[in-house]
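Visitor: I have a model open and want to learn how to read it. Where do we begin?
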Amino acid sequence: MKRPHQLAGLAAFALFASSAAAQQSPEAVAEAALRAAPVFDGHNDVPWALRGRVHNVINDFDFVDTTDTATPDGDPPRAAMHTDLQRLRKGHVGAQFWSVYVPSNDDEAEAVQQTIEQIDVAKRLIARYPKQMMLASNAAELEQAMKAGKVAGMLGMEGGHSIGSSLAVLRQMYALGARYMTLTHGRNTPWADSATDAPAHDGLTPFGEQVVREMNRIGMIVDLSHVSPATMKDALRVARAPVMFSHSGARGVADHPRNVPDDVLPLVKANGGIVMVVLYAAFLDPELRAHGLDRTAAKARFDAQHLGDPAGAAAALKAWDAAHPAPQVPIARAADHIDHIKGAIGIDHIGIGGDYDGMDATPVGMEDVTGYPALFAELARRGYSRSDLEKITSGNMLRVLKMVEAYADTQAGHPPIETPVADKAAD
């Protein structure tokens, strides 16, 4: 039994500890959260960067340090990559969905081949650094790799054209390691509408609904970034496992078609899903969005004014750019999106999906993957607790991943969904 003076001492110690915690700087709160729960980022386009920069020839590519990869005189000119092993460590990234993106393509057979090539290059890159990286096939392996201090990786297909409108190809992509698929990219698929294309299906077709069901059955996460609001709502109606938005913002903060509308957010909460807030400045900031629209209009006008004179059109656009610099976007704008989602559906449905190496404009102070501590310090400054931050860094995404796997486990006795293949026998 404790004596009164011992109880008084314990109470004083608790008060001191509470006071000390309250006096921690936002940077210290963020650092503690990131050390306990490193970032599990929803979207990084390094495999696409490797395709564009070195045509997937990577045996001599140095992924430890990519800060010297800028090619300002190239065609097209490229800034340095956002991602490498040194900077992932500095940014406290513990797990990463590597996007095996290829452009939207009406030739679906070509898209399937290119996606397999991107899966190959992502796997080969990870295999080159076994002490620093690991490809995980499930949540248990991912957590094991994170605890070992490695950057745990999973693969995400960005665009439903990558399955060639075939559930058989979908299943084989899962077998190759793909653990999520974005249902569309910038254009519609034959079975789903994109956010940035003219509506063709009013959401999902019946086959598109089968795609969602089969993804649930095998344990592949349904990703709703890039899809139209109608597709979002159809997928959320059909899905029996949590969905993700791998790299999207809140449309209530920035009215960009790539962001999640306010009337969809409650559906995400009811589904148990997650919105992983993107860091692409054009999706975050209304002023930068307006600037981009003005520039597009100016370019169209100059092209019309200088018909047959592309050099004159280019010179006019260059002069417009000099007179109309793009607004700088602060880290606070990314935090505004997180605030908005938290206010709408709570802390349990938020993650981070940077879109590094797939974007050309970031918030100031988040120019590469080292910027995550600055974002979480901003959130701590706004009153987010360490527990809150640990949910956003990786806790929420791990929950979604485990719930998707758990649902797939319940479907183990169910046969694959079958659709007839086209008969293309030789004449």
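Guide: With the naming of elements. Helices (at least four residues) and strands (at least two) are DSSP runs, numbered from the N terminus. This is a predicted model. Take Leu204: its place is in the loop between strand E5 (178-182) and H8.

Visitor: Is Leu204 buried or exposed?

Guide: Use the cut-off: buried means under 20% relative accessible area. Leu204 has a relative accessible area of 6%, so it is buried. Setting aside residues up to four places away in sequence, Leu204 touches Leu183, Trp191, Ala192, Glu209, Val212, Thr231, Asp234 and Ala235.

Visitor: How far apart are the C-alpha atoms of Leu204 and Val121?

Guide: They are separated by 31 Å, and the two residues are 83 apart along the chain.

Visitor: What follows H3?

Guide: His55 follows H3, and its phi is positive, near 55°. Asn56 has a positive phi too, near 65°. Asn56 sits in the loop between H3 and H4. Its relative accessibility is 11%, so Asn56 counts as buried.

Visitor: Which peptide bond is cis?

Guide: The one from Asp75 to Pro76, with omega near 5°. Pro76 is in the loop between H3 and helix H4 (85-90).

Visitor: Now H3 itself. Which of its residues are buried?

Guide: In helix H3 (residues 46-54), they are Val46, Pro47, Ala49, Leu50 and Arg51. These buried residues pack against E1, E2 and helix H5 (108-127).

Visitor: How do I read the sides of a helix?

Guide: Start from the helical repeat. An α-helix has 3.6 residues a turn, so residues three or four places apart point the same way. Now look at helix H6 (residues 139-147). Ala139, Leu142, Ala145 and Met146 are buried there. They cover an arc of only 125° around the axis, so they lie on the same side of H6.

Visitor: Which residues of H6 are exposed?

Guide: Ala140, Gln144 and Lys147, on the other side of H6.

Visitor: What covers the buried residues of H6?

Guide: The cover includes strand E1 (39-44), strand E2 (93-99), strand E3 (133-135), strand E4 (151-158) and helix H16 (386-410).

Visitor: How is a pair of packed helices described?

Guide: Two packed helices are described by the angle between their axes and the distance between the axes. The crossing of H12 and H13 is right-handed.

Visitor: Which residues of H12 and H13 meet?

Guide: H12 brings His291, Asp294, Arg295, Ala298, Lys299, Phe302 and Asp303. H13 brings Ala313, Ala316, Leu317, Trp320 and Asp321. The residues of this contact of H12 with H13 divide into six nonpolar, one polar and five charged.

Visitor: At what angle do H15 and H16 cross?

Guide: At roughly 150°, and the axes of helix H15 (residues 372-381) and H16 come within 10 Å. H15 and H16 are therefore roughly antiparallel to each other. Their crossing is right-handed. Phe376, Leu379 and Ala380 of H15 make the contact with Leu389, Ile392 and Thr393 of H16. The residues of the contact of H15 with H16 split into five nonpolar, one polar and no charged.

Visitor: Back to single residues. Where is Asn216?

Guide: In helix H8 (residues 206-218). Its relative accessibility is 3%, so Asn216 counts as buried. Leaving aside neighbours within four places in sequence, Asn216 is in contact with Val222, Ala239, Arg240, Ala241, Tyr407 and Ala408.

Visitor: And where is His349?

Guide: In the loop between helix H14 (331-345) and strand E9 (350-352). His349 is buried, with a relative accessible area of 9%. Not counting residues up to four places away in sequence, His349 touches Val268, Lys269, Gly272, Gly273, Ile274, Val275, Ile341, Asn396 and Arg399.

Note on methods
Residues numbered from 1 in each chain as written. Predicted model: local features only at pLDDT ≥ 70, side-chain atom pairs only at ≥ 80, totals over all residues. Heavy atoms only, no water. Left-handed = near helix turned anticlockwise from the far one by under 90°. Contact = heavy atoms within 4.5 Å. Nonpolar A, V, L, I, M, F, W, Y, C, P; charged D, E, K, R; others polar. Buried < 20%, exposed > 50% of the residue type's maximum accessible area, 1.4 Å probe, protein only. Arc of directions from axis to C-beta. Axes fitted to C-alpha atoms, helices over the stretch in contact; angles between N-to-C directions. Parallel < 35°, antiparallel > 145°, perpendicular 65-115°, else oblique.
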